[in-house]
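Look at the sequence and the structure below. The paragraphs that follow take up a few places in turn.

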Amino acid sequence: MAVVVELTRREFEELVADALDQIPPELAGLMDNVVITVQDESPDGLLGLYEGIPLTERGDSYFGVLPDQIFIYRLGICAICETREDVVEEVLITVVHEIAHHFGIDDERLHELGWG
């Protein structure tokens, strides 16, 4: 994978933290039992991935489970961006997209909303 924009892992993690800070507090407060992790590469070439049980699908039997996971893939994002500003924008889009899956919003609806 040819990386166009080079950012250290720490720089990239700061961009992810900045993106999370842009999530409205009323939504961030509703996030439950989810961990967000930066990894270098996706085995499937993805920019981000949500693994878990969306909030909309959790019932009375939801307890004692491991946290949902959101992965943000540094090298995949850096490979499709031409500038640092592009990386900042793509990180925000990817973080919002994966958090939306945590809230039960599917890819089709995200594309309709411009977060595809």
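Leaving aside its neighbours within four places in sequence, which residues is N33 in contact with? They are R58, Y62, V65, L66, P67 and D68. Before going further with this residue, note that the model is a predicted one. For the chain, the mean pLDDT is 93, and 97% of the residues reach 70 or more. Confidence is highest in strand β3, residues 68-73, at 98, and lowest in helix α5, residues 107-112, at a mean of 88. Where pLDDT is low, the predicted coordinates should not be read in detail.

Now return to N33. To find N33, look in the loop between α2 (25-28) and β1 (34-39). Is N33 buried, partly exposed or exposed? The relative accessible area of N33 is 27%, and because this lies between the limits of 20% and 50%, the residue counts as partly exposed. The backbone of N33 also deserves a look. Most residues other than glycine have a negative phi. In N33, which is not a glycine, phi is positive, near 55°.

P43 has a relative accessible area of 75%. The limit for an exposed residue is over 50%, so P43 is exposed. Along the chain, P43 and Y73 are 30 residues apart, and 9.9 Å separates their C-alpha atoms.

Two packed helices are described by the angle between their axes and the distance between the axes. Here the pair is α1, residues 9-21, and α4, residues 84-102. Their axes come within 9 Å and cross at roughly 55°. An angle of this kind is neither roughly parallel nor roughly perpendicular, and α1 and α4 are therefore oblique to each other. The crossing in which α1 passes α4 is right-handed. Which residues make the contact? From α1 come E11, F12, L15, V16, A19 and L20; from α4 come R84, V87, V88, V91, L92, V95 and I99. Sorted by kind, the residues of this contact between α1 and α4 are 11 nonpolar and 2 charged, with no polar ones.

Definitions and conventions
Residues are numbered from 1 along each chain as its sequence is written. This is a predicted model: local features need pLDDT of at least 70, side-chain atom pairs count only at pLDDT 80 or more; totals for chains, interfaces and linings use all residues. Side-chain values use heavy atoms; hydrogens and water are left out. Axes are lines fitted to C-alpha atoms, for helices over the stretch in contact, and angles run from 0 to 180 degrees between N-to-C directions. Helices (H or I, at least four residues) and strands (E, at least two) are DSSP runs, numbered from the N terminus. Angles under 35 degrees count as roughly parallel, over 145 as roughly antiparallel, 65 to 115 as roughly perpendicular and the rest as oblique. A crossing is left-handed if the near helix is turned anticlockwise from the far one by less than a right angle, and right-handed if clockwise. Contact means heavy atoms within 4.5 Å. Ala, Val, Leu, Ile, Met, Phe, Trp, Tyr, Cys and Pro count as nonpolar, Asp, Glu, Lys and Arg as charged, and the others, Gly among them, as polar. pLDDT is the predictor's confidence in each residue, from 0 to 100. Buried means under 20% relative accessible area, exposed over 50%, partly exposed in between (1.4 Å probe, protein chains only).
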